[in-house]
Amino acid sequence: MSHDRRIILDFKPITVQAMDLIWPYLAKEKGRTTDFSYGGILMWTNYFDYEYDIVDDTLFIKGKVENDISHTAFSIPVGSMPLKDSLRLLKEYCEIKSIPLIFSAVPEYAVKDLKFFNPDGIEELCDWEDYLYEAGKLASLSGKHLNKKRNHVNKFMSSYPDWELKPLDSSTYNDAIHFMAEYEKEASDSEMAKLERLFSVDMINYIEDGNSQMEGSILYADNRPCALTISDIKGDTLFIHVEKALRDFPGSYEMINKAHAEKMIILHPEISYINREDDAGDPGLRFAKESYHPVDKLKKYNIVFHSFPKVFERNQEIINFAMEAF
């Protein structure tokens, strides 16, 4: 970043159109957490009030603290700018706005870099770990640990021999909207659950409008849509952002989980892992996600800077040496 000009970050709302500018930067981020996936940003942009700016080939995202949306927070910057320079820009922005500099949903790999700049606090987001699975295991349900899942799938297939998995696209759009209306009748009436369903419909509409970054599937049984899922891909990871099924069709959750995973690894052989996102501290959801035996839980953190780190005053050579040591 040039030091002979003053840069003030100018954040703009993240829209589906803005994602064309944002995605190339997200794609460069080296982690596998959903917070840096295409759908993870787009689906929740209204809830977290996501905004962005791009300066010196670096993406800055402003939103809310993951576990407390009453506070402004930032994602770790992604791009060419050295971390010390991007932190300086964010610190200056926060001083102008009279807010603390808080990073939220920081992936574990980035914590050590931010620690170098002496944060005032680090909080592990225990209820917001992403569940990561081997893609091949979810597609095949092989192994004794997944025996119950295989049994559910086999029962579904025997109960509905005419079952079919179709892509979510313009030809199945009406079925998807009809499915969401049916699902609404039996779904939770909590405010968060209602919002999540609204955002799911937004995702369906984006696909109908021609957004090709996301791919979905609809499961049919007895000629009725009984389950739906929406995902996207980043690097070697498939991210599941929406997965819903009707209670009237036992085994439909397990079936669409397996069938979509199988379809996607055939279409995209680069997929090695599947991220099924967090459980938000919900015991039932936690049990369901644990029952598929994740290979990892991707930890995330809040990191707070109340004041400008003194480390910036040090000699640049010392900073470079220390960063290289990591």
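Which residue forms a salt bridge with lysine 297? Glutamate 290 does, with the closest N and O atoms 2.6 Å apart. The model is predicted. It holds 17 salt bridges and 14 aromatic pairs.

**Salt bridges**

- In the bridge between lysine 297 and glutamate 290, lysine 297 is partly exposed, its relative accessible area being 28%. Glutamate 290 is also counted as partly exposed, at 31% relative accessibility.
- Glutamate 29 and lysine 234 form a salt bridge whose closest N and O atoms are 2.6 Å apart. This pair joins distant parts of the chain, 205 residues apart: glutamate 29 belongs to the loop between helix 1 and helix 2, and lysine 234 to strand 11. Glutamate 29 and lysine 234 are both buried.
- A salt bridge also brings together the side chains of glutamate 196 and lysine 244, at 2.5 Å from N to O.
- Asp35, Asp130 and Lys300 are connected by a network of salt bridges.

**Aromatic pairs and charges over rings**

- Of the 14 aromatic pairs, one is formed by tryptophan 23 and tyrosine 38, in an edge-to-face arrangement with 5.8 Å from centre to centre and 75° between the planes. The pair links distant parts of the chain, 15 residues apart, with tryptophan 23 in helix 1 (residues 19-26) and tyrosine 38 in helix 2 (residues 38-43).
- Tryptophan 23 is buried, at a relative accessible area of 17%. Tyrosine 38 counts as buried as well, with 4% relative accessibility.
- The pair of tyrosine 47 and phenylalanine 48 is edge-to-face because the ring planes stand at 85°, with the centres 4.9 Å apart; the cut-off for this class is over 60 degrees. Phenylalanine 48 is buried, its relative accessible area being 7%.
- Tyr47 and Phe48 also belong to a cluster linked by ring pairs, together with Trp44, Tyr50 and Phe199.
- Two charged side chains are placed over tyrosine rings. The charged end of lysine 28 sits over the ring of tyrosine 25, at 5.3 Å from the ring centre. That of arginine 276 sits over the ring of tyrosine 292, at 5.7 Å from the centre.

**Helix 6**

- Helix 6 (residues 147-159) has 13 residues, and at 1.5 Å a residue it should span 18 Å; the C-alpha atoms at its ends are 18 Å apart, which agrees.
- Lys149, Val153 and Phe156 are buried in helix 6. Viewed down the helix axis, the buried residues lie within an arc of 60°, so they line one face of the helix.
- Exposed residues Lys148, Lys155 and Ser158 are carried on the face of helix 6 turned away from its buried side.
- The cover over the buried residues of helix 6 includes strand 10 (214-221), strand 11 (224-234), helix 9 (252-267) and helix 10 (283-290).

**Serine 200**

- Serine 200 is located in helix 8. Serine 200 is buried, and its relative accessible area is 0%.
- Apart from neighbours within four places in sequence, the residues in contact with serine 200 are Met43, Met180, Ile230, Val242 and Lys244. Lysine 244 among these is the salt-bridge partner of glutamate 196.

**Positive phi values**

- Most residues other than glycine have a negative phi. Two exceptions follow.
- Aspartate 56, a residue other than glycine, has a positive phi near 45°. Aspartate 56 is found in the loop between strand 2 (51-55) and strand 3 (58-65), and counts as partly exposed at 28% relative accessibility.
- Serine 98 is not a glycine either, yet its phi is positive, at about 60°. Serine 98 lies in the loop between helix 3 (83-97) and strand 6 (101-107). Its relative accessible area of 65% makes serine 98 exposed.

Conventions: Residues numbered from 1 in each chain as written. Predicted model: local features only at pLDDT ≥ 70, side-chain atom pairs only at ≥ 80, totals over all residues. Heavy atoms only, no water. Phe/Tyr/Trp six-rings, centres within 6.5 Å; stacked < 30°, edge-to-face > 60°. Helix = DSSP H or I, 4+ residues; strand = E, 2+ residues; numbered from the N terminus. Buried < 20%, exposed > 50% of the residue type's maximum accessible area, 1.4 Å probe, protein only. Lys NZ or Arg CZ within 6 Å of the ring centre and 35° of its normal. Expected span 1.5 Å × (residues − 1). Arc of directions from axis to C-beta. Contact = heavy atoms within 4.5 Å. Salt bridge = Lys/Arg side-chain N within 4 Å of Asp/Glu carboxyl O.
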